[in-house]
Amino acid sequence: MHDASTSRHTEGMRPLAIGQALATPEGRRWLRHTVLPALPAGEAALLAAALLAYRDDFLSQRRDRSTWTVIERLDREALLSNVDWLAGSNAALALWARLMQQGTATLVTAALRVLRQGTPTARETALTLLLADPTRELELPAGVARALLTVALADPDDAIRGLAVEIAAERVPDLILPHWRHWVLDTSRRARRAVWRRVLRIDPLAREQAIALVSSEAVPVSIRSDALWALAQAMTTDEIAPILAVAVVHPDRELAEAAAEILWTQHRHPLPARAALESPHRPVRRIGEQLLDPRRGSPAAGGARPGMPSPFRLS
């Protein structure tokens, strides 16, 4: 509610005063915060449309809730015609809240449009606010979530597609599990790991596939490293030790260091620790030296006492 003095002030404003206020960020914020909420619907819609033209005020990194008032006072046509970029703005939550009030059909139409045509920021923000955020205020019907994820799973952006896979793995797993062999080869690490986490719990063939990927020289090393990470979550130390022993001496540094990090943090064992001493990569050899050092090593890996902070971080 606004007091009478505010109402009288806004009623007496001249177009020139509004025009002057529009010229500066401070003036526009004053219009959004003080003037816009007090105007009649028609005048408010016109001013909101004018304020919408200053897109820098709506950048997601600018924390300014006064832009939410613009969303609330826009007419429906202007709102829907600008949804592509507003979905990635600092008023995105207000946008989806208002669209929810318009009905599920309107919200779904807008969300699908954003996921197909919006900026990467808009697409990722839409997925987060509508489906991923555990504190979200908007709860969509299951069928709607499925439709949105179906589109997002085909997104060309690794980050957005990875987020979609992560959500689908938890909420609509049948969208990805029939094709899990495809997803563990995806270029998005977030997607690969989300699928591995899910499939290793339910498909006995997943472990065999992960071992095959780790062993294949034809597979990109980033995919091999994630397959090794997946095995580290599913295997016992004795089971994974021979695999780590091979990986720590691999000529590719990324794979060897991934194996050494797993050896240090999760699966300490003398077999890969001794193998690490022969690695062509100095950081990996240091892992082996630390684990096997009788003065400061790890008993689990053949040394004398618990290890120190990761040698990758030592000077």
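Analyst: A lining residue has an atom within 4 Å of a point of the pocket. The model here is predicted.

User: Which residues lie nearest the centre of the largest pocket, and how many line it?

Analyst: The lining has 14 residues. Nearest the centre are Ser60, Arg63, Ser89, Asn90 and Ala91. The pocket's volume is about 290 Å³.

User: Which helices each supply at least two residues of that lining?

Analyst: They are α8 (92-101) and α10 (120-132).

User: What classes make up the lining of the largest pocket?

Analyst: There are 5 nonpolar, 5 polar and 4 charged residues. Arg63 is one of the residues nearest the centre, and Arg counts as charged.

User: At what angle do α16 and α18 pack?

Analyst: Helix α16 (residues 221-234) meets helix α18 (residues 253-265) at about 15°, with the axes 9 Å apart. Angles under 35 degrees count as roughly parallel, so α16 is roughly parallel to α18.

User: Is the crossing of α16 and α18 left-handed or right-handed?

Analyst: The crossing is right-handed. From α16, the contact uses Val221, Ser222, Arg224, Ser225, Leu228, Trp229 and Ala232. From α18 come Glu254, Leu255, Ala258, Ala259 and Ile262. By class, the contact has 8 nonpolar, 2 polar and 2 charged residues.

User: Why are α12 and α14 called roughly parallel?

Analyst: The axes of α12 (residues 158-171) and α14 (residues 189-199) cross at roughly 15°. The cut-off is under 35 degrees, therefore the two helices count as roughly parallel. Their axes come within 7 Å. This crossing is left-handed.

User: Which residues make the contact of α12 with α14?

Analyst: Helix α12 gives Gly162, Leu163, Val165, Glu166, Ala169 and Glu170. Helix α14 gives Arg190, Ala191, Ala194, Val195, Arg197 and Arg198.

User: How many residues of each class does the contact of α12 with α14 have?

Analyst: The contact has 6 nonpolar, 1 polar and 5 charged residues. Gly162 belongs to the contact, and Gly counts as polar.

Note on methods:
Residues are numbered from 1 along each chain as its sequence is written. This is a predicted model: local features need pLDDT of at least 70, side-chain atom pairs count only at pLDDT 80 or more; totals for chains, interfaces and linings use all residues. Side-chain values use heavy atoms; hydrogens and water are left out. On a 1 Å grid over the protein atoms alone, a cavity is a set of points where a 1.4 Å probe fits but cannot get out, and a pocket is an open set with protein on both sides within 12 Å along at least five of seven lines; lining residues have an atom within 4 Å of a point. Grid points are joined across faces, edges and corners, and a volume is the space filled by probe spheres set on the points. Helices (H or I, at least four residues) and strands (E, at least two) are DSSP runs, numbered from the N terminus. Axes are lines fitted to C-alpha atoms, for helices over the stretch in contact, and angles run from 0 to 180 degrees between N-to-C directions. Angles under 35 degrees count as roughly parallel, over 145 as roughly antiparallel, 65 to 115 as roughly perpendicular and the rest as oblique. A crossing is left-handed if the near helix is turned anticlockwise from the far one by less than a right angle, and right-handed if clockwise. Contact means heavy atoms within 4.5 Å.
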